[in-house]
Amino acid sequence: MYCRSADFRLIKRNFANITQFSRVFSSIHNTTFFKSSSTSRLGFFRTKEGISRGAALNKRKFGLVKISSSALGAGTLATFFYLNVNLALTQPTSIPPMEELDFDNTRIAFQNKSTGELIRSLLVYNLCSFQILVDRAGDLISLGEKFHLGSLMYWFIKKSFFAQFCSGETAEECVTTILNLQKSGIGSILELSIEADLYDESMDQNDEIFRKQWNSRADHVADMNIKCVQAASVQPNNFTALKLTGLVNPVVLQRLSRLLIDLSKAFQHHVKDEKLSKSNFLNILHNLNIMNSDSIVEDLFAQADSDKDGMIDFDEYTNIFSLADERTREIFLDNIPYLTLADLKDYDQILRRLDNLCEFAKERNVRLLIDAEQTHFQPAIDYIAMQLAAKHNRPNSLHGPIVFITYQMYLKDSGQRLVKHYEQSRRRNFTFASKLVRGAYMTSERKRAATEQIPDPIHETLEDTHSSYNNGVEFLLKKIHEAQITASKPLNISNIPVVFMIASHNKESVIKADILMKTLEISPQSGFVLFGQLLGMRDQITYTLSHNGYPVYKNITYGQINQVIPFLIRRAQENNSVLGGSVIDERQILWKEISHRFNLTSRSITNTTSR
């Protein structure tokens, strides 16, 4: 029989607690336990009756200890069987004490990379360290195109930054990267890099021809995302990331966001003890210049007041203004001057596109990540994502939740939104699936805040961002722990109320999360907590997590070079501003590995010559 040394210690420690299993499973022998490095499940159990498959696909064995079944006796074998079944199929009440994650063994991340790839990585990270180059990257590209140097600049970008952070120009070109990562036990988040920002405000955004062109473009992008899901499905439980600004006219997102912000501010202004009375609700409508028949308002309030106490909370208040309700649409169109019927029709169109993508992804066992974008779009993105999650993240789904919502924790309001959305998911009875990132729009957000003279939405210091991120992770881990200790039946990926991804390039945040997971007895193999990093960044974190059996993913971006430029500029800015000292660490690690290889080559040549 084989098992990991850590599991064997747990067997010995728990043997006395479950000796009753010895009578039931005394016939079990010659058991082989495989720890999968490519999935979030454990592997196979060999018994007299044959092999019972857990869920693992990768049979690669490592860190195993061979144990004589006769020496262990039936009771210990029963314990072994009991523990592995619980680890593989349910969330255990306790997990084996594992050694601290060791990120110092950086060579594990480079064993499949050529020396040329390492030198390219070092060059890219060195370029990211030049503040002026990073800040003016967009202007430099425009200047190069003006002087007819565009072809040369795009060639350099494609050979450097594109090759570092992207995997190809089409989804099909990325399949090789997905399969190579799978060999190392790493999943993939495949992302088509098409997004949009606001256009010149002088353009007539309500023009019918303009709208028709935008919807035609959005339908084409939706079809491209279908291909993205298809490519991601070569490995089960992979992700596809979606940017909603590529799937609808961004002006629609901006206008819906403005409406949602106005409604939220009005609630906060009139709320008392987190509740809103009918009279204050009428005051809100009056302040927003919403003047409709009293009967409609009475019906909407009565419908929202679930406990019939004459008061509503924010979730109930939000439901009053649901865009799915024709009465609400009528109120908005009659009273909100910046919202048009065409906007609502475009809203229906993006829901249609996203619903189709969700159904297609569900059929192919692929999950969807709704990306966070700029703050002037984010309220609408959150609203749409929550509608999708409520529909597609139903409890007891075979493969768990489909829709994951992204939170940029460098935003001052991110923690509050995270808690609010979690509470809404509990009340509406759907799985809250999320991804936590630090953020990728710092430069543009601060520039916009300064230009429009509005408050900076981003935390003042890097330390505040770290704290916000770690607090968000802690909040969700504690919610998973609460679910474990209060559950009336074993929890698995289909019925856990919270699933989330720690998408971080910060080693300290990953270590803190790992320590808290152990403290709260959340098994890495449960699939409740996932990890992620971008392709070309912090490989030592990704490969160390995978090597230790944690479910971890690489975000693989692709697209035409001119479409990927905004993504590449953000990566350079993130490496320069957000990651701070970790970029220096990355360069040192790369230089150490390159030096090591050249030293080995030099010694090999010397030895050959001496012969």
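What share of the 611 residues in the chain is buried? I get 55%, with buried meaning under 20% relative accessible area, exposed over 50% and partly exposed in between (1.4 Å probe, protein chains only).

Ground rules for myself: this is a predicted model, where local features need pLDDT of at least 70 and side-chain atom pairs count only at pLDDT 80 or more, while totals for chains, interfaces and linings use all residues. Residues are numbered from 1 along each chain as its sequence is written, and side-chain values use heavy atoms, with hydrogens and water left out.

**Overview.** I count 23 helices and 15 strands in the chain; these are DSSP runs numbered from the N terminus, helices being H or I with at least four residues and strands E with at least two. I also looked at contacts between residues at least 6 apart in sequence, and 77% of them join residues at least 24 apart (contact: heavy atoms within 4.5 Å). The exposed surface comes to about 27400 Å², with carbon and sulfur atoms supplying 54% of it (Shrake-Rupley method, 1.4 Å probe; for residues, only the protein chains shown count as cover).

**Strand β12.** I went to residues 432-437 next: 6 of the 6 are buried, so β12 is largely enclosed by the rest of the structure. Phe432, Ser434 and Leu436 point one way, Ala433, Lys435 and Val437 the other. I find β11 (residues 403-408) running parallel to β12, joined by 4 bridges; strands pair if DSSP finds at least two bridges between them. Ile405 has Ser434 as its bridge partner in β12. From β11 the chain goes through helix α17 (residues 414-428) to β12 in a right-handed β-α-β crossover, i.e. clockwise from the first strand over the helix to the second, with the strands pointing away from the viewer. β13 (residues 498-503) also pairs with β12, parallel, over 5 bridges, and there Met501 stands opposite Lys435.

**Glu195.** I found this one in the loop between β6 (187-192) and α9 (208-232). Glu195 is buried at 17% relative accessible area. Its side chain makes a polar contact of 3.3 Å with that of Tyr441 (N or O atoms within 3.5 Å; within protein, one able to donate a hydrogen and the other to accept it, and residues adjacent in sequence count only if both atoms are side-chain atoms). Beyond four places in sequence, Glu195 touches residues including Arg217, Lys243, Glu373 and Arg570.

**Cysteines.** I looked for disulfides (cysteine sulfur atoms within 2.5 Å) and got 0. For Cys228, the nearest cysteine sulfur is that of Cys174, 7.7 Å away. Cys228 is buried at 0% relative accessible area, and Cys358 is buried at 1%.
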